[in-house]
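Dear colleague,

Please find below the structure that I am handing over to you. My findings follow it.

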Amino acid sequence: MKLLLFSLFALLALLAVSHAFTAPMPAVLRHSQKATSVRRSLLCSSRRMQSLSMTAAKETKEESDTMQRLPVQRYVACNRFLVREGAGPKFEKRWAERKSSLASLAGFKFFTLLRRCDDMPDMQQDDGSLKRYPEGTPDYMSMTWWQNKKNFNSWRTGPAFKEAHGGGSIGGFLSAIVGSLMVLKTAPAPSMWEGLLAESVASSPISLKARDADGKAQADGSTPLPAECFVAMNRFRVKEGKEAEFEAVFENRESSLKDFEGFAGFTLLRSSAIASKGGGGSEAFAGENGLNYSTCSIWDCKESWIKWFKDSRKGSSSSPGGMKDLLNGPPSPVFWDGVLVLESEDGA
């Protein structure tokens, strides 16, 4: 009997426990958990909406910036050099002897090796002495204009690049390195630019000099090569956020460059990388850090540019003004004699 009663009691206890786990939750507890679930759902939804809103805002800003910036019409690759004292002619001879098939490549527009010009009237001070360029301004700079970056990359990864840098063999490459060490103070520093508002003339006024019957420059390594063109650059440090406004100043200018004798080409250069993040490329060129825009005009000779410059000061060929609030400091001009010129058939 006792055993039967104990079994009955155990069965009743088991049923009670089972009911506790399967019975509906109290109404208050059910509502509390439901509210928590709703809050979590709303919070997740809010976070998703916030993330989508931030992404949309970022995309809108990028689209707006892209729409405001001027379209790229050229891609300009430069390499800057500081040459040892008196080694300029040797440096020019090395370039004159390099193999090059640039002129035959798709998208190629213009090339010259630039030699810094230190005797410009614009560099003259009141006492007759010449202003000094900022320390680290290159002595020489190679400059190649391409139709677009894709053309430049095709050259850089193709056989023509190897041909110009030692022929692609280890021996040729080492020879090029050793030769460079003999004439350079420091390693070259590349700088890449997007060309805006490009202008050029179909019939180039540039005359090649000191060339043989095959068009190869005759360099002896002891005297500088004769200048074949002249390049004037006015370099700017444009404030962050003012780039589109700066470009608009040039876009809205009245240009009559093509009307002047000796004019060959122009483009407004926009740095393809943020200048403050390594724009100098080397401590030796630290004086150029922050330069993120530059004008670049090509002429047949210095005298042609001087004539245009004097005329522009009279106001007959107005140059952009009202840019002071857009810049970090004054413009930095630099002038070059160009040697070893190569041009495409339709000019720069």
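A residue counts as buried when its relative accessible area is under 20%, as exposed when that area is over 50%, and as partly exposed in between (1.4 Å probe, protein chains only). The model is a predicted one, in which local features need pLDDT of at least 70, side-chain atom pairs count only at pLDDT 80 or more, and totals for chains, interfaces and linings use all residues. Residues are numbered from 1 along each chain as its sequence is written, and side-chain values use heavy atoms, with hydrogens and water left out.

By that cut-off serine 200 is buried, because its relative accessible area is 18%. Serine 200 belongs to strand E4 (residues 189-200); strands (E, at least two residues) and helices (H or I, at least four) are DSSP runs numbered from the N terminus. Its contacts, meaning heavy atoms within 4.5 Å, include Lys258, Phe263, Gly265 and Asp346, with residues up to four places away in sequence not counted. Alanine 264 is also touched by serine 200; the two are 64 residues apart in sequence, yet their C-alpha atoms are 5.6 Å apart.

Serine 200 also touches Arg74, a residue of strand E1 (residues 74-81). Which side chain of opposite charge is nearest to arginine 74? It is that of aspartate 346, 6.7 Å away, and the buried arginine 74 has no salt bridge (a side-chain nitrogen of Lys or Arg within 4 Å of a carboxyl oxygen of Asp or Glu). Lys and Arg count here as positive and Asp and Glu as negative, while His and the chain ends are not counted. The side chain of arginine 74 does reach the backbone oxygen of alanine 348, at 2.8 Å. Beyond four places in sequence, the contacts of arginine 74 include Trp145, Trp146, Trp193 and Glu194.

Of the contacts with a separation of 6 or more, 86% are between residues 24 or more positions apart.

With kind regards

Key. Polar contact = N/O pair within 3.5 Å; in protein donor to acceptor, adjacent residues only side chain to side chain.
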